Amino acid sequence: MKKLYYIDFPQENLENQMHNYRCAYCKVETTTINGNLEGHLPSCEYRIKLENAGYDVISNDLSETLALHDADDFD
Ligand SMILES: [Zn+2]
């Protein structure tokens, strides 16, 4: 399960920087997060919540390419 952009996290304004925002949980700037779940710290409450909800962190999931073996050569 995957979202195109992860932007529904609580944000707060950076001090003295009117146009810059950061995640209210992990304090990473939105320009660094860039809409990616992995942009948040692993300890981020928002990231943990979405991971627990089944959302993927990174798309290159190599486990899906595991070869499937059938039982034809079973002796
Ligand atoms: Zn965060």
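Visitor: Over which residues does pLDDT stay under 50?
Guide: This is a predicted model, and the chain averages a pLDDT of 81, with 73% of the residues scoring at least 70. Where pLDDT is low, the predicted coordinates should not be read in detail. One stretch, for which the model has one contact beyond four places in sequence, stays under 50, namely residues 60-69.

Visitor: Which element of the chain has the highest mean pLDDT?
Guide: The chain holds two helices and two strands, and from the N terminus on these elements run β-β-α-α. Among them, S2 has the lowest mean pLDDT, at 91, while the highest, 95, belongs to helix H1, residues 30-33.

Visitor: In which sense do strand S1 and strand S2 pair, and over how many bridges?
Guide: Strand S1 covers residues 11-14 and strand S2 covers residues 17-23. Within this pairing, asparagine 13 stands opposite tyrosine 21 in S2, and glutamate 12 has arginine 22 of S2 as its bridge partner. The two strands pair in the antiparallel sense, and the number of bridges is four.

Visitor: What is the phi of asparagine 34?
Guide: Asparagine 34 lies in the loop between H1 and helix H2, the latter being residues 45-52. With 13 C-beta neighbours inside 10 Å, asparagine 34 counts as partly exposed. Although asparagine 34 is not a glycine, its phi is positive, at about 55°.

Visitor: Which residues make up the largest nonpolar core?
Guide: In soluble globular proteins, nonpolar side chains tend to be buried together. In this chain of 75 residues, buried residues make up 13%. The largest nonpolar core has seven residues, and these are Tyr6, Phe9, Cys23, Ile33, Leu37, Cys44 and Leu50.

Visitor: Which residues does cysteine 44 touch, not counting residues up to four places away in sequence?
Guide: Cysteine 44 is one of the residues of the largest nonpolar core. Leaving out residues up to four places away, cysteine 44 touches Cys23, Tyr25 and Cys26.

Visitor: Why does tyrosine 25 count as partly exposed?
Guide: Tyrosine 25 lies in the loop between S2 and H1, where, leaving aside neighbours within four places in sequence, it is in contact with Phe9, Pro10, Cys44, Glu45 and Tyr46. A residue is buried if 20 or more other C-beta atoms lie within 10 Å, exposed if 12 or fewer, and partly exposed in between. Tyrosine 25 is partly exposed because the number of other C-beta atoms within 10 Å is 19.

Visitor: How far apart in space are proline 42 and cysteine 26, C-alpha to C-alpha?
Guide: Proline 42 is found in the loop between H1 and H2, and it is exposed, with 10 other C-beta atoms within 10 Å. Proline 42 and cysteine 26 are 16 residues apart in sequence, and the C-alpha to C-alpha separation is 8.8 Å.

Visitor: What separates the C-alpha atoms of aspartate 56 and lysine 3?
Guide: Aspartate 56 has its place in the segment after H2, and it is partly exposed, with 14 other C-beta atoms within 10 Å. Aspartate 56 and lysine 3 are 53 residues apart along the chain, and their C-alpha atoms are separated by 8.3 Å.

How values were computed: Residues are numbered from 1 along each chain as its sequence is written. This is a predicted model: local features need pLDDT of at least 70, side-chain atom pairs count only at pLDDT 80 or more; totals for chains, interfaces and linings use all residues. Two strands pair if DSSP finds at least two bridges between them. A nonpolar core is a set of buried Ala, Val, Leu, Ile, Met, Phe, Trp, Tyr and Cys residues joined through C-beta atoms within 7 Å. Two residues are in contact if their C-beta atoms, placed from the backbone, lie within 7 Å. pLDDT is the predictor's confidence in each residue, from 0 to 100.
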